[in-house]
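Please examine the sequence and the model shown here.

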Amino acid sequence: MRKVIKNGTIVTADLTYKADVLIEEGKICAIGPDLSGDEVIDAAGCYIMPGGIDPHTHLEMPFMGTYSSDDFASGTKAALAGGTTMVVDFALPNPGQSLLDALKVWDNKSAQAACDYSFHMAITWWDEQVFDEMKAVTERGINTFKHFMAYKGSLMVNDDEMFSSFKRCAELGATPLVHAENGDLVAEMSAKLLAEGNTGPEAHAYSRPAQVEGEATNRAIMIADMAGAPLYVVHTSCEESHEAIRRAKMNGKRVWGEPLIQHLVLDESEYAHPDWDHAARRVMSPPFRDKKHQDSLWAGLASGTLSCVATDHCAFTTEQKRYGIGDFTKIPNGTGGLEDRLPVLWSKGVNTGRITMNEFVAVTSTNIAKVLNCYPQKGAVLVGADADLVVWDPEATKTIAADTQVSAIDYNVFEGIEVKGLPKYVLTRGFVAVDQGRLQAQEGHGQFVARDPNGTVNTALSKWKDLTAPRPVVRSGIPASGV
Ligand code: URP
Ligand code: ZN
Ligand code: ZN
Ligand code: ZN
């Protein structure tokens with residue numbers, strides 16, 4: 001059965017043009033005028049774009065004494081409802097646990113996924129076993145390794161461990177990712193705040209100011225450079241971190257920054273809310289920032305110094321957030337956004353003129369696919385690419401509300417925001433998961449996307465690092481000692 005999307009305007013990261021799209025067996029098989037198929041999807045007045053890719057989710061994540069409440073079933077359905085057709089989640093070995101055992105756990109969790117997915121592997125501890133298993137992990141199609149520089153005492157790794165792991169990534173043609181916050185300083189500041197009676201959710205933000213993120217980002221960049229690896233900085237939330245990334249890029253270092261939709265539109269005033277629940281629901285790391293940082297992040301998207309917009313979707317219910325009543329360090333860190341990332345970015349970015357439609361596609365899909373080395377299978381409207389597509393209605397509107405969301409939690413940090421621009425149809429490998437705005441996703445439809453190592457940037461960088469590596473100077477003679 002061949003489906004054809006007719007009468008729409010294709011918008012990619014670099015082109016906008018009118019054409020029909022023909023789909024067969026889950027793939028795009030033709031693009032051009034006047035195509036016909038067995039089933040017609042009418043895209044009149046709409047844009048046809050590559051489905052969103054969210055490079056940063058935590059579905060059913062074991063964290064801070066609980067599990068995040070959206071699992072691969074509800075989380076991927078929420079993704080599809082908002083136009084995202086692929087998510088990349090983090091396999092998290094417990095310290096001491098085999099990476100391959102952790103991978104089995106994530107394989108099991110993801111069986112219910114309604115859209116395609118891939119994994120990053122977290123490096124949460126270090127020894128020879130981890131070094132060895134990183135190779136087996138890359139052979140399983142995972143070319144990205146995450147390092148937490150925060151969460152001291154649980155997920156955090158130290159500089160020596162990070163340096164070892166980054167060097168291993170360079171050898172394997174893989175890319176390290178960092179959660180960049182100085183975990184030692186956060187731990188010390190948290191203890192001091194608690195001792196002084198600062199126990200509420202606002203103290204979470206006081207405990208991790210922009211300096212701890214800027215410092216850690218710069219440190220990770222320098223360590224990656226010494227290791228000969230590129231670097232992807234997740235949830236870049238402030239000018240200090242963006243500044244470090246920008247400077248590194250201008251110096252030719254291969255570094256990418258990923259702002260979250262939350263940090264682009266929500267700010268630290270949320271933590272001053274008189275309702276404890278309201279503030280706690282917004283506790284995440286890094287925290288929401290002073291509004292001035294938002295201009296920096298938007299400028300980064302427009303100029304290309306920041307590359308991808310993610311959600312870090314890690315959804316906890318109000319009941320879970322209340323574990324931290326009386327002690328902000330026990331509030332599970334994380335917020336949702338999978339369903340809202342595209343409509344909010346379109347409304348606050350494209351509709352305001354901060355970014356173009358093509359930049360929107362780049363930062364929500366194409367750039368991500370390139371960094372992760374799954375382009376053009378994903379992130380493209382090209383013949384041969386997977387038919388992961390969004391038919392986007394720029395005139396459709398809604399007010400974001402927890403009452404009508406797909407996500408399993410009982411609130412939404414974007415509650416009340418009016419969006420203009422919504423998916424009318426969403427296709428995941430040709431299957432219509434959103435039909436005229438109605439979700440009809442199928443649990444278990446999602447497939448694992450294997451991603452090879454040695455992407456073009458990894459290959460170029462290792463060539464350059466080899467060429468410029470320290471070498472002994474060849475001399476014709478060595479003077480006799482003691483002369
Ligand atoms: O607060 C957050 N971001 N929770 C999820 C885990 C992480 O740090 O990404
Ligand atoms: Zn993080
Ligand atoms: Zn995260
Ligand atoms: Zn299917």
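A residue is called buried if 20 or more other C-beta atoms lie within 10 Å of its own, exposed if 12 or fewer do, and partly exposed in between, with C-beta atoms placed from the backbone. Strands (E, at least two residues) and helices (H or I, at least four residues) are DSSP runs, numbered from the N terminus. By these terms, strand 18 (residues 418–428) is mostly covered, with 9 of its 11 residues buried.

This is a predicted model, in which local features need pLDDT of at least 70 and side-chain atom pairs count only at pLDDT 80 or more, while totals for chains, interfaces and linings use all residues. Residues are numbered from 1 along each chain as its sequence is written, and chains are lettered from A and ligands numbered from 1 in the order in which they are written. The predictor's confidence in each residue, pLDDT, runs from 0 to 100; the chain has a mean pLDDT of 98, and 100% of its residues reach 70 or more. The scores of the model are ipTM 0.93 and pTM 0.98.

Two strands pair if DSSP finds at least two bridges between them.

Valine 426 of strand 18 is the bridge partner of valine 390. Strand 18 is also joined to strand 19 (residues 431–435), antiparallel, by 3 bridges. Here threonine 428 stands opposite phenylalanine 431, and leucine 427 stands opposite valine 432. The hairpin of strand 18 and strand 19 has 2 residues between the strands, and arginine 429 takes a positive phi near 45 degrees in it.

Strand 1 (residues 3–6) and strand 4 (residues 20–24) run antiparallel and are joined by 3 bridges, among them the one between isoleucine 5 and valine 21.

**Loops**

Glutamate 25, in the loop between strand 4 and strand 5, has a positive phi near 50 degrees; the residue is exposed, with 10 other C-beta atoms within 10 Å. Glutamine 436, in the loop between strand 19 and strand 20, also has a positive phi, of about 50 degrees, and is exposed, with 11 other C-beta atoms within 10 Å.

| Cis peptide bond | Omega |
|---|---|
| Serine 285 and proline 286 | about -10 degrees |
| Tyrosine 375 and proline 376 | about 5 degrees |

Proline 286 is found between helix 10 (276–280) and helix 11 (292–303), and proline 376 between helix 14 and strand 17.

**The ligand**

Which residues surround ligand 1? They are His58, His179, Met284, Ser285, Asp312, Cys314, Asn333 and Gly334, where a residue is near a molecule if its C-beta atom, placed from the backbone, lies within 6 Å of it. This shell divides into 2 nonpolar, 5 polar and 1 charged. Ala, Val, Leu, Ile, Met, Phe, Trp, Tyr, Cys and Pro count as nonpolar, Asp, Glu, Lys and Arg as charged, and the others, Gly among them, as polar.
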